[in-house]
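Hi,

Here is the structure I promised to pass on. Have a look at it first, and my notes on it follow below.

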Amino acid sequence: MSKADLDKLVAQFPQAIVSSHSNMGDDTAVVTVPALKDVMRYLRDTAGFDFLVSVTAVDFFGREPRFEVVYHLRSMATGNRLRIKAPVHEEEGGPVAEVATVSDLWPTANWQEREVYDMFGIKFTDHPDLRRILMYEEFVGHPLRKDYPKEQRQPLIRRDYSLS
Amino acid sequence: MSMTTQSKTGLKTLAFGMPTPDEIASGGSHGLSARPKLPPDLMSKLNAADLEEVEDIELPTEPMTINMGPSHPATHGTVRIVLTIDGETVRDSDVQVGYLHRCFEKEAEYATYTQVFPYTDRLNYVSPLLNNVGFALAVEKLLGIVDRLPERAQYIRVIIGEISRITDHLTCLGASAMEVGGFTPFLWMIKAREWLWELLEELTGARLTHSYVRIGGVSQDLPEHFIEKLRATLQKSTSVIGECESLLVKNRIFRDRMDGVATMSAEDAIAMGWTGPCLRSTGVPYDVRKDHPYLVYDRFEFDVPVGSVGDNYDRFAVRLEEIRQSMRILDQAMKQIPAGPVLLDDPRVAMPAKNAVYNTIESMIGHFKLVIDGIKVPAGEVYSYTEGGNGELGFYIVSDGTGRPYRCHVRSPSFIITQSMSKLILGAGIADIIPTFGMINMIGGECDR
């Protein structure tokens, strides 16, 4: 349905697009992390994908790059959809990987990026308010990572009862 | 954020006994000032013959932080809102969700595809069947069997889905009416919801946690006389909904609480990722059933109601009209539903018949493999979306070729709409929070997953 959009995107950013495919009607482009912001800005402003449907991530533990941040876009005018994936390396010497935020392009990304940070530990640079959202502040680790055991329990303790 | 207002009296003390940060720092009277400090010349002014001067005295105010929730009697959802208020006006707020987080996405990675259904029941728990259908369609898309689903199963999915949508909207409207003081519409709407839930109980065996849908169809056929009963129930419900509408739309108190409160523009709604009745209230006619038809929705005639202003009343009216449109769809579906199987006849997906399991070794092995290993879904990724009670309910599933999802993400409409809460209540009164929160219909189970 939006194969034409995908082809246009690939022609526009030949260096930034690592690969692209259309499976089961889902058109996907894999974009390098440094170029992600430019691609997303182009998609919103020029290609008409004005609706950010969802932001999420996948942990391919044991594979390099380990994470993939996944964006789903929709154009409100044409109804076309597009999936953008950004492979994220786990940083050497630190557990945290970083991607540029798109919350300034689509405000809806704010909480969704917070959720990805909470669940996977992927940091979004320049995010206005990168806090945990579903888990509590004292929680240690990122539960949706494949190396976080499902059975692991943590005491739910809040020592700081101050407001805000 | 400093919001200190310099009053005419030059006083920086808070109005109602709240200590200033300086007082707290100095530890004066254990950090709490016992009494409100009034302007020193207030009493002399009060005694003055000329009282007009008193009217000029501004009550010195300063923003105050209060906590609403997580367990607040007037909000039907577990959410904590940290409010910064200036008098009655909300100056800033921090909406904190996650109190109902049940690790849906983590649990789903350890369950077979069939075992995920009970978890989806508990996402939007006032319309569980819509979640069942949404998840089933995602897995079926990945399996490549969407086109081969039995026709009767598709119709049953539409019927149960639309019943669930009606119960979803009835809960939302009824509860919101109650929260702004209308108790009768609440009882009547819940009564109508109960009739529908009784029907679903007869069909699935449970009032709320149905787990009725299966990959490749539904678990069992409609019971005898289900269609007749549904038709009678819908007729009863229509009159109840009409009565509730007449109680609310011309109700001065209800309208005053709803009209023009928490307005959202279409551009902002799209930027904030709104979908469903909330987005349609701003005038954008986006409905997944219409724009990307799934199942057999392209065979029905129905309208997509849209609002004009995007305030609470529009969100109320859109939902009310959607109940009627759902009834229209049900009406047509009940007429068109064909006879036939309700589960895809494919041994890779559907359980073999019980009789065959007991009497043939192949079926017994097939049964065993499906129960223990789960349905083998080819490796790949899929994003499938349906119109849930609150908007676009999407499932992003990554499969590694085994019987369990490698990753199962839910695009929950509630979560994304709740994000706008801060924006909606900015500058509104405290009392406006309740109908606003009711009308965005935050469902804890879906929001926090």
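Let me begin with a question: how many bridges join β6(B) to strand β7 (residues 392-399) of chain B, and do the two run parallel or antiparallel? The count is 8 bridges, and the strands run antiparallel. Before you read on, please keep in mind that this is a predicted model.

**The sheet in chain B**

Those two strands belong to an open sheet of 3 strands in chain B, ordered β6-β7-β8, with antiparallel pairing. At its edges are β6 (380-387) and β8 (407-411) of chain B, each of which pairs on one side only. On average, neighbouring strands here are turned by 15° against each other, direction ignored. Helix α6 (residues 128-143) of chain B packs on this sheet and touches β6 and β7 of chain B. The direction of that helix makes about 145° with that of β6(B).

**The rest of chain B**

Chain B contains 20 helices and 8 strands. It has 449 residues, of which 45% count as buried. Looking at contacts between residues at least 6 apart in the sequence of chain B, 69% join residues at least 24 apart.

One helix I looked at is α16 (residues 361-372) of chain B, with 12 residues. From its first C-alpha to its last it reaches 16 Å, close to the 16 Å expected at 1.5 Å a residue. After α16(B) comes G374(B), which has a positive phi near 85°.

**Chain A and its sheet**

Now to the other chain. Chain A has 3 helices and 7 strands, and along the sequence they follow the pattern α-β-β-α-β-β-β-β-α-β. Of its 164 residues, 40% are buried. Among contacts in chain A with a separation of 6 or more, residues 24 or more positions apart account for 45%.

In chain A, 5 strands make up an open sheet in the order β1-β2-β5-β4-β3, and the pairing is mixed. The edge strands are β1 (17-23) and β3 of chain A, each pairing on one side only. From one strand to the next, the twist averages 20°.

Going through the pairs:

- β1(A) and β2(A) run antiparallel and are joined by 6 bridges. I17(A) stands opposite V31(A) in β2(A). The hairpin of these two strands has 2 residues between them, and M24(A) takes a positive phi near 50° there.
- Strand β2 (residues 26-31) of chain A runs parallel to β5(A), with 3 bridges joining them. The bridge partner of T28(A) in β5(A) is R83(A), while A29(A) stands opposite I84(A).
- β4(A) and β5(A) run antiparallel and share 8 bridges. E68(A) has P87(A) in β5(A) as its bridge partner, and Y71(A) stands opposite I84(A). Their hairpin has 6 residues between the strands, with G79(A) at a positive phi near 80°.

Why can strand β5 (residues 81-88) of chain A be called largely enclosed by the rest of the structure? Because 7 of its 8 residues are buried. The strand sits between β2 and β4 in the sheet order of chain A. Helix α1 (residues 3-12) of chain A also lies across β1, β2 and β5 of chain A, running at about 170° to β1(A).

**Where the two chains meet**

Finally, the interface. In the model, 28 residues of chain A are in contact with 33 residues of chain B. On the chain A side, β3 (51-59), β4 (67-74) and α3 (109-120) each supply at least two residues. The largest share, 6 residues, comes from β3(A), which is also one of the edge strands of the chain A sheet. By class, the side of chain A that touches chain B has 16 nonpolar, 8 polar and 4 charged residues.

That's what I have for now.

Best wishes

Technical notes: Residues are numbered from 1 along each chain as its sequence is written. Chains are lettered from A and ligands numbered from 1 in the order in which they are written. This is a predicted model: local features need pLDDT of at least 70, side-chain atom pairs count only at pLDDT 80 or more; totals for chains, interfaces and linings use all residues. Two residues are in contact if their C-beta atoms, placed from the backbone, lie within 7 Å. Helices (H or I, at least four residues) and strands (E, at least two) are DSSP runs, numbered from the N terminus. Ala, Val, Leu, Ile, Met, Phe, Trp, Tyr, Cys and Pro count as nonpolar, Asp, Glu, Lys and Arg as charged, and the others, Gly among them, as polar. A residue is buried if 20 or more other C-beta atoms lie within 10 Å of its own, exposed if 12 or fewer, and partly exposed in between; C-beta atoms are placed from the backbone. The expected span of a helix is 1.5 Å times one less than its number of residues. Two strands pair if DSSP finds at least two bridges between them. Axes are lines fitted to C-alpha atoms, for helices over the stretch in contact, and angles run from 0 to 180 degrees between N-to-C directions.
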